[in-house]
Amino acid sequence: MASRADGTDLEALLARMTLDEKIGQLTMRTANMAVTGPVGAGEYLDGVRAGRIGSMLNLWGARWTREAQTAAVTESRLGIPLFFGFDAVHGHRTTFPIPPGEAAAFDPGLWQRTARAAAVEAAADGLSLTFAPMLDVARDARWGRSAESPGEDTWLAARFAKAKVRGFQGAGLSRPDAVATTPKHLAGYGAVLAGREYAPVDMAGRTLREVYLPPFQAAIAAGAAAIMPAFTDIAGLPMTANRPLLHDTVRGEWGFDGVFISDYNAVAELIHHGVAGDMAAAAALALNAGIDIDMMSDAYPQGLSIALARGLTDIATVDAAVLRVLRFKQRLGLFDDPFARGADSPPAVAADHRALAREAARKAIVLLTNRSAVLPLAAN
């Protein structure tokens, strides 16, 4: 496959694409190697061959990613490569302490090293993106996803963000041992009412700006290549349709030039939020807000062409999103070598990673001294 090493070539590629192929680049499908959402996996290779799928999640391992990538680059009309994403929130093959534990070490160098190890293992499994780090500031112990968060402190979470992005993405996204990061879930997801998953969020703008947004801004400053908005809403506006935050703040103020990837089924869930009447309206709201990739809701495949016919969005907005996805794949080096990731990890590397996991576990253990009997505990 010929290399497309500059924007002019990508624009020429875009000009050759049918509407269905454009929507395909904006569509992420799951495989059945993990269950991470409410919509089950279906057959995907035919969709890849037809150009209706641009990226995959929950598919890993050299054999499986190579099979899907071969279908994309040799059997689809335009030969556009896929990228593969998976959750590596606290390691991939090697398990490191969960984020609250690792954050307790207060050691950015350690955080970067564990992310680098996870990236090496993920890339060896054919992955090119991880849905990490999770940067939701979590201050309500009732929230079940606190285990994925670096904790309650904004300052600490921002430093955790920088270290993880640098570790995962390494010396350059095109390197075969680098995986792109997807900091999640922008923003305020950890503040759901009463700690109930999917519950609404209601907070002052100052709280959002000073507590919940800084870790994401830090991740972007460190070079994060993708961002995942939250399922939830703030003051009635779902994040998946929040153009003021996604477009005006994150792209406009912060200069983010990567891709926005929806959370699992989140675009279709705009109907349940009550802001969209059908799939076409949901697809238009998400696309207009800045969502480049629809993960597993089928709102873009089912709704975007209808939304265009209704005038709810326009082809220029579609093209801008497709071009961002193509540039993201270019940054990953996929047009030059779509099979660079996917070699088996050498055993010596795995042994080094186990030693690093033990070090991280030791540093995550925090002991308190009950000075001046502050805690009402007996001496024994």
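Begin by selecting E75 and R49, whose side chains come together in a salt bridge with an N to O distance of 2.7 Å. Because E75 belongs to helix α4 and R49 to helix α3 (residues 45-49), the pair ties together parts that lie 26 residues apart in sequence. E75 is partly exposed, with a relative accessible area of 43%, and R49 is likewise partly exposed, at 32%. Please keep in mind throughout that this is a predicted model.

Next, select E21 and R77, which form a salt bridge whose closest N and O atoms are 2.7 Å apart. This pair links distant parts of the chain, since E21 sits in helix α2 (residues 19-25) while R77 sits in the loop between α4 (62-75) and β3, 56 residues apart. E21 counts as buried, its relative accessibility being 9%.

From there, move to D298 and R29, where the side chains meet in a salt bridge at 3.0 Å, N to O. Here the partners are 269 residues apart, with D298 in the loop between β11 and α13 (299-310) and R29 in strand β1 (residues 27-30). D298 is partly exposed, with a relative accessible area of 25%, whereas R29, at 17% relative accessibility, counts as buried.

For a salt-bridge network, select D107, R113, E359 and K363, which are linked to one another in this way. The structure as a whole holds 22 salt bridges.

Now turn to the strands and colour the six that form an open sheet, which run in the order β5-β4-β3-β2-β1-β11 with parallel pairing. At the edges you will find β5 (180-181) and β11 (294-295), each of which pairs on one side only. Within the sheet, select strand β3 (residues 83-86) together with strand β4 (residues 129-130), which pair in the parallel sense over two bridges. Which residue of β4 is the bridge partner of F86? Selecting T130 shows the partner in question.

Finally, select H353, which lies in helix α15 (residues 347-364). Is H353 buried or exposed? With a relative accessibility of 9%, H353 falls under the 20% cut-off and therefore counts as buried.

Key: Residues are numbered from 1 along each chain as its sequence is written. This is a predicted model: local features need pLDDT of at least 70, side-chain atom pairs count only at pLDDT 80 or more; totals for chains, interfaces and linings use all residues. Side-chain values use heavy atoms; hydrogens and water are left out. Helices (H or I, at least four residues) and strands (E, at least two) are DSSP runs, numbered from the N terminus. Buried means under 20% relative accessible area, exposed over 50%, partly exposed in between (1.4 Å probe, protein chains only). Two strands pair if DSSP finds at least two bridges between them. A salt bridge is a side-chain nitrogen of Lys or Arg within 4 Å of a carboxyl oxygen of Asp or Glu.
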